[in-house]
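Hi,

Here is the structure I promised to pass on.

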Amino acid sequence: MKKYIFICVLVLTTVLQSCTDDMNVVSKDDDVLSSDALYASPDGYQKALAGVYGNLTLTGVIGPNNSSLEGVDAGTSQFTRCLLYLQDLTTDELVWSYEADEGTAELQRNIWTASNPIILGMYSRTMASVAYANEFLRQSTPEKLQSRGITAAAKLAEIALYRKEVRVLRAYAYYNMMDLFGKAPMYTENDPINFAGPEFTRKQLFDFVETELLAVLPDLKPARTNVYGRVDQGMANMILAKIYLNAEVYIKTNRYNDCVTKCKEIIASGYSLKPKYLDNFKADNNTSEEMIFSIQSDGVVSQNWGATTVLTNGQIGAWENNGSDFGIGGWSGALRIRKQFAQKFDGGKFNQDTRKTIGTGVQGDPSKQRPIDIADLGVKTQGYILSKYSNKTSTGAAGSSSTYADTDFPLFRLADVYLMYAEATLRGGNGDATQALTYVNDLRKRANNGSTVGNITATDLTLDFLIDERARELHWEAHRRQDLIRFGKYTGGSYNWAWKGNASTGISIPLYMNVFPIPVGSLGANHNLTQNTGY
């Protein structure tokens, strides 16, 4: 196996009653291991911790087509796939050809409802993370450890660290609920089983996430010193930087100074840009010094229909048949890009930009040239394609499977921090404008293999430039919806893209669509919840 994946598949057969209550969905796994059996030894705590992490990768325990959540399909409940769909498929970056797939047509046309299965999958999977975290915290108190005869100082310290990591994972879950839904039921380990959690507002969720992360941050392992794939100070600081950058959206408060502070802490933590941009999206990207936190994938050990499997297979063109270039079978044109995204690479400055992996057809064959416009979303040969993700390593070795990707999903990486620092500075934060320009040009030099041909000047560095540069650098990494909302370009009609609002050239969509609806089933399971305005 190419890397150690901190996922114990077997532990996900442990479906604890409190978890199923907390997440307002029912588990359908039959192979249930009791809490007492799992936590009987110190090793059990490591396995349980793996289960909390594993919920971000796996959907069930029987294989990629199994979901442990009752009423939620595996294909519409894998965490990174749902995150990608909600953050990118609903924007100017991505088109999915198979509109018969449940929920995708409504998302990419911006006509979703509270019955959308992908929205339900994201909501349920994220609240499952909260439930798994809460149960781990209930079972790892000093009193529980003592009652089970776990008294060795080293083991107590190890489990204490696990608890801090789990609190970060729970905070990350509530960060997503705050961002995507604007509200969520609040449960902690201190609440009783069968507790119908109260509905927390965005402000309450913001305060909870911030307080939790600041509380555990000093006791986490320093950035890049923990086991790969586990939480450290870099991850906690990244979530904080994100909530501070978006604070005007979330709580109508300017926190740009705090964003700058966190960005500086992350940058000083030992990360560095991967010399070659595309190496961040290959099967050995676990070795990238740029990764702050990634969600692991292995084509043999953790088979699932997650984001990198979708992206690597989906980018293979219907005409191009270029799956062998990326070490994967391919889905014959499932994914394409919208015109407005492709045009962000127009101009001579991008002629050698390695981030521009746009394919326009079969070279030398005039009959197989792609139009930039997509008149029919179901026609796989309309619209340009991308070649960003690969199931080959940086040395060209094939991945372990021709169907499932080995490539980890780059949830947070240093390039994003550079752009966040620049944006927070431009928005009035106490960063250094010269340093902000340097960070942006570092990214553009990296994209141009060390050449300064793409560099910009201080007068070029504007907010309008940055929203486009974020797309060029971070496309297909589940950031775009959040970015467009922050820039006031998502709802309304100031910026339209192909098929926005279900019109081929794009139309205005209403302001309430800045958040998604609470799924119908979740409203029924917890009567403390209320529907978002407009739905």
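Predicted model: local features only at pLDDT ≥ 70, side-chain atom pairs only at ≥ 80, totals over all residues.

Helix α13 itself spans residues 307-314, and eight of its eight residues are buried. If you want to click through them, they are Ala307, Thr308, Thr309, Val310, Leu311, Thr312, Asn313 and Gly314.

One of those covering elements, α4, also packs against a helix. Its partner is α6 (residues 117-139), with the axes 9 Å apart and an angle of about 130 degrees between them. The crossing of α4 with α6 is left-handed. On the α4 side the contact uses Phe79, Cys82, Leu83, Tyr85 and Leu86, and on the α6 side Ile118, Ile119, Gly121, Met122, Arg125 and Thr126. Sorted by class, the α4–α6 contact has eight nonpolar residues, two polar and one charged.

The other helix pair I looked at is α3 (residues 42-54) with α8. Here the angle is about 15 degrees and the axes are 11 Å apart. Angles under 35 degrees count as roughly parallel, which is why α3 and α8 are described that way. This crossing, of α3 and α8, is left-handed. From α3, the residues involved are Pro42, Asp43, Tyr45, Gln46, Leu49, Val52 and Tyr53, and they meet Lys155, Ile159, Tyr162, Glu165, Val166 and Leu169 in α8. That contact of α3 with α8 comes to nine nonpolar residues, one polar and three charged.

On to the nonpolar cores. Which residues touch the most other members of the largest one? They are Tyr174 and Ile239, in a core of 134 residues. Helix α8 (residues 153-181) gives this core its largest share, 14 residues. Leaving out residues up to four places away in sequence, Tyr174 touches Met127, Val130, Ala184, Pro185, Met186, Tyr187, Leu205, Phe208 and Val209. There is also a second, separate core of five residues, with Val95, Ile374, Ala498 and Trp499 among them.

Last, two residues from one loop. Lys500 is in the loop between α19 (480-486) and α20 (520-525), and Leu511 lies in the loop between α19 and α20 as well. Are they buried or exposed? Buried means under 20% relative accessible area and exposed means over 50%, so Lys500, at 0%, is buried, whereas Leu511, at 64%, is exposed.

Not counting residues up to four places away in sequence, Lys500 touches Arg109, Asn110, Arg338, Lys489, Tyr490, Thr491, Gly492, Tyr495, Gly506, Ile507 and Ile509. Its C-alpha atom is separated by 7.5 Å from that of Thr91, 409 residues apart along the chain. For Leu511 and Asn246, 265 residues apart along the chain, the C-alpha atoms are separated by 17 Å.

Conventions:
Residues numbered from 1 in each chain as written. Heavy atoms only, no water. Core = buried A, V, L, I, M, F, W, Y, C linked by side-chain atoms within 4.5 Å. Buried < 20%, exposed > 50% of the residue type's maximum accessible area, 1.4 Å probe, protein only. Helix = DSSP H or I, 4+ residues; strand = E, 2+ residues; numbered from the N terminus. Contact = heavy atoms within 4.5 Å. Axes fitted to C-alpha atoms, helices over the stretch in contact; angles between N-to-C directions. Parallel < 35°, antiparallel > 145°, perpendicular 65-115°, else oblique. Left-handed = near helix turned anticlockwise from the far one by under 90°. Nonpolar A, V, L, I, M, F, W, Y, C, P; charged D, E, K, R; others polar.
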